[in-house]
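Good morning, and thank you for the time.

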Amino acid sequence: MELTLFIIVGAIAVLSAVLMLISQNAVHSALFLVLNFACIAFFYLMLSASFLAMVQIVVYAGAIMVLFLFVIMLLGAERLLPERNPRFPWLVPMAIVLALVFLVAVSLAVIRGEIDLSERASAQPYIRVVNVVDQLEGGADVYLDGHRLVSGLEYGQASQFAPWDRGRYDVALYKAGADPSAEEPLATIKVDLNQGEAVSFTAVGTAADPVLVVANEDLRGASRSDALRVTVVNGVRAAPMIDVVRGTDASEDAVLINDLPYGEASRPTTISGGMTDISVFSEGVRRDRLVTFENRDLSPEQGQLWVFGTRYLPDNSYEDVFHVLETNALPSFGSPASVGLALFARYVLPMEMVALVLLVAMIGALILTKDMVGERRVVRRRLANPPPELQAPITPEATASRTTIEG
Amino acid sequence: MEAPEVATELFVLLSAILFALGTLGVLLRRNAILVFMSIELMLNAANLALAAFARQWGNLDGQVLIFFVMTIAAAEVAIGLALIVAIFRTKKSINIDELHLFKH
């Protein structure tokens with residue numbers, strides 16, 4: 001289906017380019033070029049560059065082509081003179097041969113596979129650390145193969161998502177300020193970071209026996225606008241397995257997550273948003289409700305990480321806690337948000353230089369056309385107040401009388 | 001990200017065809033405005049290849065570069081058309097074969 005569309009639109013693009021080249025009327029050429037630009041905007045959509053497709057339509061097919069048409073009509077150049085006696089008669093066959101050679105070279109490179117297209121890559125993995133270990137003094141330090149990811153991360157806090165290279169890593173949890181070369185880590189885990197993943201290293205459990213959980217979140221944005229994606233981590237030490245249920249009673253259709261062992265993370269699950277109660281049940285048996293968290297507002301179009309944990313109170317009892325960490329879904333590839341983020345984060349300096357070039361272009365256009373403005377003023381003055389002998393006769397009678405007088 | 005149905009090679013081929021057509025226009029047409037339009041066509045062909053490779057590698061840099069190319073193209077068109085208008089005022093022609101002399 002997509003291939004058929006590609007062939008049809010590609011044929012239109014090539015045809016409009018050819019017609020632009022051979023049409024004798026410059027206005028027709030400009031309109032064929034607009035058609036060609038529209039086809040290219042369509043290809044941008046196919047290549048998941050939605051922002052660029054809109055910019056192509058607005059800037060290229062809109063602003064730039066209007067400028068072209070304006071100049072064509074201003075100069076009255078739409079009717080082209082026949083191109084007589086070319087100065088280089090050998091130029092036409094030469095140009096065609098050169099273009100064909102170029103095409104054959106590129107096609108050969110593509111067909112013989114000289115372009116390395118073996119590996120399709122997506123975005124880098126993103127990682128962060130979440131600390132839900134109660135009573136860990138000073139917070140947590142987390143090292144990834146000896147590189148410190150965070151230091152002194154407080155209870156209930158999460159670090160920002162950071163891009164990281166893919167690969168296999170050892171993740172180690174230390175007490176804040178510990179020396180990783182001298183001390184034994186409190187907990188370790190091995191993790192494979194793959195392209196396009198968003199991974200939260202979640203530390204749960206007690207200070208004496210913490211556990212690191214690798215929670216793989218899905219931040220690509222939910223497929224429906226009223227839905228959100230949830231990853232659940234079980235950090236309730238008293239419950240070897242939990243079920244997470246929407247509402248307060250454990251009817252089968254409201255179960256969100258089934259049989260999640262302690263110290264593990266669920267897969268990302270899409271649920272619908274809105275105000276709701278969230279209950280946690282002990283495994284399988286629906287009679288044992290651990291806790292209900294009432295009136296949770298699940299705002300849609302987010303990725304959420306739910307961490308159920310236990311917190312000890314000063315009087316030696318404990319309560320179940322429910323941490324919700326919200327992440328706005330990462331902008332999808334080629335969306336306005338992602339292009340804007342790249343422009344204003346990594347490409348600020350080139351952006352400013354381009355703005356400077358545009359300013360210079362504006363000034364240049366003014367200077368280039370400045371002389372003409374002066375000429376036109378002189379002409380207007382002369383026309384407004386011409387000497388009497390230069391005044392043109394207006395009516396045929398006047399012309400006749402003038403000729404008789406002169407004759 | 002689901003696998004694309006249209007291969008990157010096809011986009012590169014199409015972009016090469018459009019680029020060659022643009023080159024032909026620059027070399028063969030004698031009207032300065034049409035030469036400019038052909039340059040726009042070539043820039044667009046290059047942009048198409050950039051977008052195809054940006055998708056191939058999952059890297060936004062290609063798309064950002066397209067954005068810059070579009071901006072530069074706008075600046076180039078402004079200057080170029082101003083030049084054409086200025087030349088037309090003095091020589092009453094925009095045939096580039098007649099612009100080979102600095103005098104008259």
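I begin with A:Asp145, which lies in the loop between strand 2 (140-144) and strand 3 (147-153) of chain A. Helices (H or I, at least four residues) and strands (E, at least two) are DSSP runs, numbered from the N terminus. Please note that this is a predicted model, in which local features need pLDDT of at least 70 and side-chain atom pairs count only at pLDDT 80 or more, while totals for chains, interfaces and linings use all residues. Residues are numbered from 1 along each chain as its sequence is written, and chains are lettered from A and ligands numbered from 1 in the order in which they are written.

Although A:Asp145 is not a glycine, its phi is positive, at about 50 degrees. Most residues other than glycine have a negative phi. What is the phi of A:Ser48? That angle is also positive, near 50 degrees. A:Ser48 sits in the loop between helix 2 and helix 3 (50-75) of chain A.

Are these two residues buried or exposed? A:Ser48 is buried, because 20 other C-beta atoms lie within 10 Å. A:Asp145 counts as exposed, because it has 10 C-beta neighbours inside 10 Å. The cut-offs are 20 or more other C-beta atoms within 10 Å for buried and 12 or fewer for exposed, with partly exposed in between; C-beta atoms are placed from the backbone.

I turn now to helix 2 of chain A, residues 26-46. Its 21 residues reach 30 Å from first C-alpha to last, close to the 30 Å expected at 1.5 Å a residue (1.5 Å times one less than the number of residues).

How does this helix meet chain B? Helix 2 of chain A and helix 2 (residues 32-57) of chain B pack at an angle of about 5 degrees, with their axes 11 Å apart. The two helices are therefore roughly parallel, a term for angles under 35 degrees. Among the contact residues are A:Leu33, A:Phe37 and A:Ile40 of chain A, and B:Leu34, B:Leu41 and B:Leu48 of chain B; contact requires C-beta atoms, placed from the backbone, within 7 Å.

Finally, the contact between the chains takes 74 residues from chain A and 62 residues from chain B. On the chain A side, helix 3 gives the largest share, 11 residues.

Note on methods: Axes fitted to C-alpha atoms, helices over the stretch in contact; angles between N-to-C directions. Parallel < 35°, antiparallel > 145°, perpendicular 65-115°, else oblique. Contact = placed C-beta atoms within 7 Å.
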